[in-house]
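Hi,

Here is the structure I promised to pass on to you. Have a look at it first, and then read my notes below.

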Amino acid sequence: MADIKKLTNEVGAPVADNENSITAGARGPVVMQDVWLMEKMAHFNREVIPERRMHAKGWGAYGKLTVTHDVSRYTRAKALQLGKETELFIRFSTVAGERGAADCERDIRGVAVKFYTEEGNWDLVGNNTPTFFIRDVHNFSDLNRAVKRDPHTGRRSAQNNWDFWTLLPECFHQITITMSERGIPASFRNMNFYGEHTFSLYNANNERVWCKFHFKTRQGIQCLTNAEAAAINAVDREYHGKDLFEAIERGDFPKWDMYLQIMTEEQAKNHYENPFDITKVWPHKEFPLLAVGELTLTRNPENYFAEVEQAAFTPAHVVPGIGFSPDRFLQGRLFSYGDAQRYRLGVNHNHIPVNRAKCDVQEYHRDGAMRVDGNYGTQPAYSPNSAGYWTAQPEVAEPPMALEGAMWRYDPKDVPTDDCFRAGGNLWRIMDERQRALLIHNTAAEMAGVTKNVRYRHAVHCYLADSAYGSRMSEALDLRMETVEALAKLSHQALIQATLSSTME
Ligand code: HEM
């Protein structure tokens with residue numbers, strides 16, 4: 001057993017002196033022979049790894065999912081069977097800020113959960129909103145360029161942000177949520193989270209349904225006003241991380257109830273909106289929440305870099321009984337995460353303890369940078385092989401998915417029933433006066449300095465969602481109501497043309 005107080009170099013040899021460089025004479029230069037110094041400096045220079053392209057700032061914790069309701073009629077996933085407990089790791093994040101950003105910014109919050117199931121890891125990589133800004137994967141990199149730093153000034157730009165958002169009307173519902181009081185949660189413990197996309201579930205008889213995942217906080221929803229958040233950010237940029245860590249340390253374990261929304265394949269065919277469009281939500285009246293179980297966080301990570309920074313989640317990681325859907329946005333994500341992580345962490349990132357499955361892993365991937373296990377020793381590296389190693393398991397194949405239609409670049413806005421403003425209008429209508437006033441106030445604050453043409457675009461969208469929402473927004477943004485009403489009569493393309501010029505009066 002090593003003496004834990006003794007310093008060694010990276011291969012275990014004792015280090016004689018960790019403070020005085022070897023110099024040629026008492027006043028002379030450092031010599032190359034101070035190899036311990038070279039090792040120390042060289043390692044330090046390589047300690048920063050790329051941050052996540054978005055969701056760079058985050059905090060993690062371990063916990064468990066306990067299933068308290070029988071949902072076996074929908075899914076055969078072993079982790080979702082009645083009575084089952086599954087260990088998990090969760091990471092909460094903001095989206096737009098870099099690794100050092102303040103926690104209490106107005107933004108949506110990422111919530112990524114890795115369930116270490118007995119059938120492999122299942123990652124649910126969601127957010128604290130039931131919907132998203134955009135719905136085609138093509139728009140994703142642009143969204144992030146618009147909300148992150150301007151290439152000219154190097155600063156965040158409300159102009160870029162709102163210009164992009166208002167040119168894509170499908171952003172409207174998510175804008176309304178982000179500008180509402182929920183845009184700055186009081187803590188991670190005080191918010192819900194969602195898988196957002198439509199996924200699929202299939203049961204032991206291989207019968208498929210479509211589903212959405214919801215997690216509702218037991219701590220109650222609590223939010224911060226702009227003024228409260230600004231005061232916190234001024235003195236504590238790690239406020240949400242601290243809150244989560246300290247709650248778990250004192251044994252006040254946060255809990256969320258897990259629910260499913262289910263839509264049959266038949267219902268999906270006849271649904272008035274595309275059920276695979278992430279910017280739409282499924283009405284709870286028609287598709288009620290079905291209880292599944294409870295998710296509890298019970299343990300803090302030992303080491304931030306090892307466990308939180310190196311955590312890697314991907315929607316591509318599903319287990320038998322849980323599948324994807326035709327959602328084009330989800331399909332794009334299935335590529336993006338593993339690709340990003342092979343760059344950010346390396347090809348063997350799933351060997352890092354926080355990412356490693358807790359069941360047997362038997363695949364034919366070999367070698368690669370930082371392969372630090374036995375690399376499967378003498379076992380065959382090819383398949384099929386006569387040794388009979390690691391054959392595929394057809395019994396877990398999901399049922400075939402029937403698709404129809406010609407291959408084409410379909411624009412959802414061409415569908416006459418596609419309504420980008422219905423959900424945002426519904427949200428406005430269920431808000432009380434305090435919530436509406438905050439939404440208007442927050443939006444006006446975020447749009448300060450944004451040119452009039454872009455402000456008009458947003459006010460028109462508010463008006464199309466609800467005339468009262470439009471008139472209140474128009475007043476707050478210092479716009480003429482007659483112009484808003486006239487612009488609201490235009491088609492989407494004509495509205496864009498009419499509001500292109502930043503000198504618009
Ligand atoms: C086509 C759309 C999207 C693409 C291409 C995309 C891509 C990415 C990438 C590349 C990362 C960094 C991954 C890493 O370095 O480990 C990331 C992080 C993340 N994304 Fe997305 N994303 C998309 C949409 C979404 C949506 C709709 C959600 C929520 C439902 C979401 C939630 C997250 C979360 C929570 C993280 C942080 C994961 C963590 O804590 O490590 N993303 N995304």
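Leaving out residues up to four places away in sequence, Glu309 touches Ile49, Glu51, Arg52, Arg99, Tyr304, Arg344 and Leu345. Please keep in mind that this is a predicted model. Glu309 belongs to helix α8, which covers residues 304-309. Its relative accessibility is 3%, so Glu309 counts as buried, the cut-off for that being under 20%.

The iron atom of the ligand has Tyr337 as its only protein donor, through the OH atom at 1.8 Å. Tyr337 sits in helix α9, which covers residues 328-344.

Finally, the cavities. Searching the whole structure for cavities of 30 Å³ or more gives one. The largest cavity has a volume of about 40 Å³, and the residues lining it are Glu170, His173, Thr279, Lys280, Asp419, Cys420 and Ala423. By type, that lining divides into three charged, two polar and two nonpolar residues.

Best wishes

Technical notes: Residues numbered from 1 in each chain as written. Predicted model: local features only at pLDDT ≥ 70, side-chain atom pairs only at ≥ 80, totals over all residues. Heavy atoms only, no water. Donors = N, O, S within 2.8 Å, 3.2 Å for Na, K, Ca; no water. Helix = DSSP H or I, 4+ residues; strand = E, 2+ residues; numbered from the N terminus. Buried < 20%, exposed > 50% of the residue type's maximum accessible area, 1.4 Å probe, protein only. Contact = heavy atoms within 4.5 Å. 1 Å grid on protein atoms, 1.4 Å probe; cavity = no way out; pocket = protein on both sides within 12 Å on 5 of 7 lines; lining within 4 Å. Points joined across faces, edges and corners; volume = space filled by probe spheres on them. Nonpolar A, V, L, I, M, F, W, Y, C, P; charged D, E, K, R; others polar.
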